Amino acid sequence: MEMASSNSCCFFLGLLLLLASASASAAAAAAPSLSSSAAANNNTFQPRKEIINVLCFMVLQSPDGDTIDCVPSQLQPAFDHPRLKGHKPLKPPPRPRGHNFTETADERFQLWMSSGESCPEGTIPIRRTKEEDILRASSVRRFGRKPVAARVRRDSGGSGHEHAVGYVVGDQYYGAKASLNVWAPRVTSPSEFSLSQIWVIAGSFGNDLNTIEAGWQVSPQLYGDNSPRFFTYWTDPNHGNWWLEFGSGILVGYWPSVLFSHLASHASMVQFGGEIVNTRPSGLHTSTQMGSGHFAHEGFGRASYFRNLEIVDWDNSLIPLTNLRVLADHFNCYDIQGGVNSVWGNYFYYGGPGRNVRCP
């Protein structure tokens with residue numbers, strides 16, 4: 001999914017990540033993957049056409065130059081994963097108690113839907129991967145993946161990844177929900193990115209960490225432009241499947257439990273917030289922005305926010321957070337301020353401009 005490129009607030013939308021039991025199960029496994037034949041590890045190559053594209057039912061053109069393939073759900077690339085061979089798309093699960101759709105979003109906010117066209121029922125939209133997209137990556141194997149050094153907060157020292165997040169820890173979490181506003185932060189180097197997302201986390205902060213992440217990012221290396229795009233990310237190291245709901249009740253897809261070790265039963269930590277990569281160009285801190293590029297104290301209309309933060313408990317009920325903690329890795333570069341009120345519930349403002357007089 002993609003948004004128009006602008007450094008002003010585009011809109012706000014809700015995200016819900018939900019763990020549903022296998023017996024209650026739900027739409028198609030949504031994350032595309034490269035086939036095993038694409039596992040070359042050199043820097044110069046000529047990708048074969050079957051690596052880049054899949055059989056599609058209908059083709060749509062986006063005003064920004066993207067090509068959208070409408071792929072039958074049972075033929076989506078996610079099912080190329082070795083653990084998903086023979087897997088069939090599941091039926092949607094019951095929503096958590098307390099979940100409602102009081103706020104709606106225009107489902108045609110994506111540029112490729114601006115003409116009024118959409119993919120037929122039984123198919124899913126997939127942005128066509130172009131040869132130049134893969135060539136921007138260091139190798140076919142690395143295409144679409146986070147840098148190896150990437151870690152969630154509390155394990156980010158020295159990796160170049162900086163965060164400003166609100167988080168809860170110390171319980172068993174079966175889902176998370178929040179509303180956030182979407183901006184187009186400036187990314188000053190092709191090898192950097194800026195994102196806003198929800199993390200659900202389980203395992204240890206080492207080689208045994210499971211995470212699912214969903215939100216918006218600007219990543220010139222991955223997409224070849226500076227537009228904010230909807231993305232998902234998960235770790236690959238059986239109780240249920242993790243589902244992603246977007247906006248006014250749109251089920252994007254799910255991650256089958258067979259993909260995980262710890263997250264197969266529940267999450268032990270949930271995070272909301274922003275992340276950037278700082279490559280320290282010219283030896284100085286990057287000017288890549290987080291959120292809107294404004295600090296938290298600038299408040300509504302200028303700073304980015306997450307609001308109405310909720311988690312899903314063991315009884316499949318959405319409940320407000322009660323012990324939200326906020327933390328920024330480098331407060332002079334990107335900061336965060338939390339609060340609670342009767343309309344926004346638990347919320348926080350976050351972000352910043354990166355390099356400035358207090359962040360050299």
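The structure is a predicted model, in which local features need pLDDT of at least 70 and side-chain atom pairs count only at pLDDT 80 or more, while totals for chains, interfaces and linings use all residues. Residues are numbered from 1 along each chain as its sequence is written, and side-chain values use heavy atoms, with hydrogens and water left out.

**View 1. Asn316 and Arg280 have positive phi values without being glycine.** The phi angle of Asn316 is about 60°. Asn316 counts as partly exposed because its relative accessibility is 22%; the class lies between buried, under 20% relative accessible area, and exposed, over 50% (1.4 Å probe, protein chains only). Arg280 has a phi near 50° and belongs to the loop between strand E12 (267–277) and strand E13 (304–312). With a relative accessible area of 41%, Arg280 is likewise partly exposed.

**View 2. Glu162 is a buried residue of strand E5 (residues 161–173).** Its relative accessibility is 5%, which means that Glu162 falls in the buried class. Leaving out residues up to four places away in sequence, Glu162 touches Gly274, Glu275, Ile276, Asn278, His285, Met290, Asp329, His330, Cys333 and Tyr334; contact here requires heavy atoms within 4.5 Å. The side chain of Glu162 is joined to that of Asn278 by a polar contact of 3.1 Å. A polar contact is a pair of N or O atoms within 3.5 Å; within protein, one must be able to donate a hydrogen and the other to accept it, and residues adjacent in sequence count only if both atoms are side-chain atoms. Between the C-alpha atoms of Glu162 and Ser194, 32 residues apart along the chain, the separation is 9.7 Å.

**View 3. Asn278 has polar side-chain contacts with Glu162 and with His285.** Asn278 sits in the loop between E12 and E13, and it is buried because its relative accessibility is 9%. The contact between the side chains of Asn278 and His285 is 3.5 Å. Apart from neighbours within four places in sequence, Asn278 is in contact with Gly160, Glu162, Glu192, Leu284, His285 and Thr286.

**View 4. A left-handed disulfide joins Cys70 and Cys119.** A disulfide is a covalent bond between the sulfur atoms of two cysteines. Here the term is applied to a pair of cysteine sulfur atoms within 2.5 Å, and by this rule the count comes to two disulfides. The S to S distance of Cys70 and Cys119 is 2.1 Å. The torsion about their S-S bond is about -80°, so the disulfide is left-handed. The pair links distant parts of the chain, 49 residues apart: Cys70 is in strand E3 (residues 67–72) and Cys119 in the loop between E3 and strand E4 (123–127). Cys70 and Cys119 are both buried.

**View 5. A right-handed disulfide joins Cys333 and Cys359.** The sulfur atoms of Cys333 and Cys359 are 1.9 Å apart, and the angle about the S-S bond is 90°. This pair links distant parts of the chain, 26 residues apart, with Cys333 in the loop between strand E15 (325–328) and strand E16 (335–341) and Cys359 in the segment after strand E17 (345–351). Cys333 and Cys359 are each buried, and Cys333 is also among the residues that Glu162 touches. With bonded cysteines counted along the chain, the disulfides of the protein follow the pattern 1-2, 3-4.

**View 6. Gly203 is a partly exposed residue of strand E7.** Its relative accessibility is 32%, and therefore Gly203 counts as partly exposed. Not counting residues up to four places away in sequence, Gly203 touches Asp208, Leu209, His262 and Ser268.

Note on methods. Helices (H or I, at least four residues) and strands (E, at least two) are DSSP runs, numbered from the N terminus.
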